[in-house]
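Subject: A structure for you to explore

Hello! I am passing on a structure for you to look through, and my notes follow below it. Have the viewer open while you read.

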Amino acid sequence: MTEPRYLAVKLLCKTFGSGSYSNIQLNSALGSCNMESRDKKLCSALYYGVIERKLTLDHIIRGLSSRPLEKLDDSVLNILRCGLFQILYMNGIPDNAAVNESVGLSRSMKKSSASGMINAVLRNFIRSGKKIKLPENKIERTSVKYSVAPEIAASLAADYGWEYAENLLESALGKPDISVRRNPLKCTEEEFLTFLNGISAVKSEILDCCYHLDCGDPAELDAFQSGFFHVQDLSSQLCCTALDPTDKDIVLDMCAAPGGKTFTMAEMMHGKGQLFAFDLHKKRVDLIRNGAERLGLANITANTGDASKFDPDLPEFTKILCDVPCSGIGVIGRKPEIKYKNISDFSGLPDIQYAIADNAVNYLAAGGELVYSTCTLRRAENDEVCGRLLTNHPELSECELGGILGEKFGCRASIFPMHFGSDGFFIAKFRKNM
């Protein structure tokens, strides 16, 4: 049987070496290994935990190791990271056990020559009182404290100030909340809660049909398989309420996969009217179709399509959602790899985002409304794209988001965790003048 710490180190070496997505790596590995549920949880906790705290852990190792990180073998470095993570953040594992397991791991991975160094680094950290000496420079300090690339921390602070930047970065540490939307076309609240079989479900105070679940994988629940809910963060659900589609509307979801917002809007339309959902790749369109079938939503038409290119065969739409591809800075708690990217990696996104929004205007009927949204918090991808859209389309005007978003933000919302306890998100609304 595969040992959970051994698999975690192997996966970390692969992930950091290739830059591949953590959820894909882990799901593939756990699905093909012979490991008990408890061990899978430990492997997952170590794997995601080290990715999430990588820069913090590396800062500690630099202060305790006589060898530069760059000179350490990948396996040895990840053994050290896993050992420190257990000592610092996993209260259920005794310090001695974390050290001994790490030393043993070096031997089972044929790195016995490093066992003494691993033992010394980990025990010296424990003897120091587990204190982390943070840099004095604000950007470097924030980088180490929240394990985020310095330029991402600096970019957030430049756009919104340090209070907002640290709110997002701090909230991204630890296990993210699981939020779902109850399908009102399939079940009442009472039926939904009963079908959860005792799983804790806390209803949102600001949005009907939104609940926070305390469970493992929600897709494994009978209520999910029965179409009683789909998984969707509160901020994404708020994005749909900003567009406010009804069964009288003809709705277009420009970049729809995997379909969460499509499903919410279809439910808001009571399963009636017309909702067209597009994505560039067929496999992702299949996700929308399968989800719509599970939820019993017959008003969704899902097809492949390039959101940046005009299709003259499509009708005019009264409501359009442009949830464009983005850097994902708002959801780093769910995708921690994003924290270590270079800002230059995102340089081409605003042009792609504008091209999609610009094309969407071609489909919008006079008097119709368009919502532009991202799951990032970079003004270059949000406010600047919106400003460009207004400059080049005088027929557009901004309009209030409505509901709690309109009350709090007006026409554009940069949502931080401090606002609703949700993921970071951006939402702006426009109307095409008659």
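How much accessible surface does the protein have, and what share of it belongs to carbon and sulfur atoms? The accessible surface comes to about 19,400 Å², and 49% of it belongs to carbon and sulfur atoms. Accessible areas come from the Shrake-Rupley method with a 1.4 Å probe, and for residues only the protein chains shown count as cover.

A word on the ground rules. This is a predicted model, in which local features need pLDDT of at least 70 and side-chain atom pairs count only at pLDDT 80 or more, while totals for chains, interfaces and linings use all residues. Residues are numbered from 1 along each chain as its sequence is written, and side-chain values use heavy atoms, with hydrogens and water left out.

**The overall picture**

The protein has 19 helices and twelve strands; these are DSSP runs numbered from the N terminus, with helices being H or I of at least four residues and strands E of at least two. Its radius of gyration is 24 Å, close to the 22 Å that the globule rule gives for 434 residues, so the protein is as compact as a globular protein of that length. That radius is taken over C-alpha atoms, and the globule rule is 2.2 Å times the number of residues to the power 0.38. Along its principal axes, the C-alpha trace spans about 75 × 50 × 35 Å.

Of the 434 residues, 53% are buried (buried means under 20% relative accessible area, exposed over 50%, partly exposed in between, with a 1.4 Å probe and protein chains only).

**Cysteines**

How many disulfides are there? The count is zero, where a disulfide is a pair of cysteine sulfur atoms within 2.5 Å. Cys 326 has its closest cysteine sulfur in Cys 375, but at 3.4 Å that is too far for a bond. For Cys 215, the closest cysteine sulfur is in Cys 210, 13 Å away and also too far for a bond. Cys 215 is buried, at 11% relative accessible area.

Cys 209 deserves a look for its backbone: its phi is near 75°, a positive value in a residue other than glycine. Cys 209 sits in the loop between strand 2 (201-203) and strand 3 (210-213) and is buried, at 5% relative accessibility.

You will find Asp 244 in the loop between helix 13 (234-243) and strand 5, partly exposed at 43% relative accessible area. Further along, the peptide bond from Ala 257 to Pro 258 is cis, with omega near 5°. Pro 258 belongs to the loop between strand 5 (250-253) and helix 14 (260-268).

Is helix 14 enclosed or open to the outside? Nine of its nine residues are buried, so helix 14 is largely enclosed by the rest of the structure. Among them are Lys 261 and Glu 267. Just after helix 14, His 270 takes a positive phi of about 60°.

**Ala 153**

Finally, find Ala 153 in helix 9 (residues 150-160). Ala 153 is buried, with 0% relative accessible area. Leaving out residues up to four places away in sequence, Ala 153 touches Thr 142, Val 148, Trp 162 and Leu 169.

Enjoy exploring!

Methods
Contact means heavy atoms within 4.5 Å.
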